[in-house]
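User: Could you take me through this structure? I am new to reading such models.

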Amino acid sequence: MKRNSKAAVTTVIDGHTMIISLFGDIDHHSAKRLRGEIDNNLFTNRPKRAVLDMSDVEFMDSAGLGLILGRISCAEKIGCRLTLLSPSPQVMRILDLAGAGRLIEIKQS
Amino acid sequence: MNESTEKRKSGRPPENLKNEIRIELPSYSINEGIARSAVSVFISQLDPTFEELCDIKCAVSEAVTNSIVHGYRDGFGIVYITVKILDERTVRIEVRDKGCGIEDVKAAMQPLFTTDSEGERSGMGFTVMESFTDRLSVVSRPGKGTKVTMIKTLGERNAK
């Protein structure tokens with residue numbers, strides 16, 4: 001039984017690409033804080049490309065979907081191409097409900 | 001609420017009721033995670049598949065978040081969660097609040113419906129609940145509160 005894990009975000013810049021890694025459980029409670037941290041990094045560094053690494057996200061509900069959809073439009077505003085990396089099957093089911101595959105490139109590592 | 005609040009007298013439980021948990025949580029957003037963890041622990045006695053457990057956690061998270069974000073948007077309140085195991089493998093989850101209620105339930109249940117002006121909420125909460133459970137019913141009275149009931153029957157597990 002996994003305990004409820006606190007959501008976190010780390011950012012690494014690799015050339016023109018910003019790698020944003022999300023961790024833990026993404027729900028309404030954690031999404032607001034994550035959103036602030038991601039946007040702060042995006043708007044400060046204005047990368048040409050950004051990767052949202054989902055491989056360590058253990059749980060996500062529709063608030064996480066809102067977080068991702070919101071970041072797609074933020075990235076567009078600064079001319080940044082956003083890619084989603086390695087969502088788990090559970091995360092993928094939520095993304096599919098909203099047809100997110102049409103809005104963002106999804107890569108499995 | 002349209003249905004009368006359940007009050008059981010002591011004595012024998014209903015025949016098809018195998019187990020039950022009742023949780024009352026104040027409407028703090030940190031309790032979204034605590035609610036789904038508690039339900040997840042309770043459901044684990046049925047040895048659900050990982051996918052079934054994820055579905056239930058997600059559906060509970062959505063319902064509890066709705067109560068906190070919408071039901072109690074004007075203040076503080078209690079979210080009432082009852083989970084029952086019926087027959088062998090049917091899970092009935094009820095999430096109730098005494099918040100502001102929903103004016104138009106049918107409209108609120110449409111995919112992408114959101115009251116969020118900042119555009120950061122997906123409006124997919126009810127769609128998730130509907131997709132991840134077998135049956136969803138929403139009863140709401142403006143000014144009185146909302147009750148969401150979800151039923152999911154888990155697949156048979158082979159005896160180990």
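Predicted model: local features only at pLDDT ≥ 70, side-chain atom pairs only at ≥ 80, totals over all residues.

User: Where is A:Ser86 found?

Analyst: A:Ser86 sits in the loop between β4 (81-85) and α3 (89-97) of chain A. Its phi is positive, about 50°, although A:Ser86 is not a glycine.

User: Is A:Ser86 buried, exposed or partly exposed, and why?

Analyst: A:Ser86 counts as partly exposed because it has 17 C-beta neighbours inside 10 Å.

User: And what about phi of B:Asp47?

Analyst: B:Asp47 also is a residue other than glycine with a positive phi, near 50°. B:Asp47 belongs to the loop between α1 and α2 of chain B, and with 12 other C-beta atoms within 10 Å it is exposed.

User: Changing topic: at what angle do α1 and α2 of chain A pack?

Analyst: Helix α1 (residues 28-45) and helix α2 (residues 62-77) of chain A pack at about 15°, and their axes are 9 Å apart. Angles under 35 degrees count as roughly parallel, so α1(A) is roughly parallel to α2(A). The contact includes A:Leu34 and A:Ile38 of α1(A), and A:Leu67 and A:Cys74 of α2(A).

User: How do the residues of that contact divide?

Analyst: They divide into 8 nonpolar, 4 polar and 3 charged residues.

User: Which residues of α1(B) are buried?

Analyst: Among them are B:Ala35, B:Val39, B:Phe42 and B:Ile43. The buried residues of α1(B) pack against β2 (17-26) and α1 of chain A, together with elements of chain B including α2 (50-71).

Terms used:
Residues numbered from 1 in each chain as written. Chains lettered and ligands numbered in written order. Axes fitted to C-alpha atoms, helices over the stretch in contact; angles between N-to-C directions. Helix = DSSP H or I, 4+ residues; strand = E, 2+ residues; numbered from the N terminus. Parallel < 35°, antiparallel > 145°, perpendicular 65-115°, else oblique. Contact = placed C-beta atoms within 7 Å. Nonpolar A, V, L, I, M, F, W, Y, C, P; charged D, E, K, R; others polar. Buried ≥ 20, exposed ≤ 12 C-beta atoms within 10 Å, placed from the backbone.
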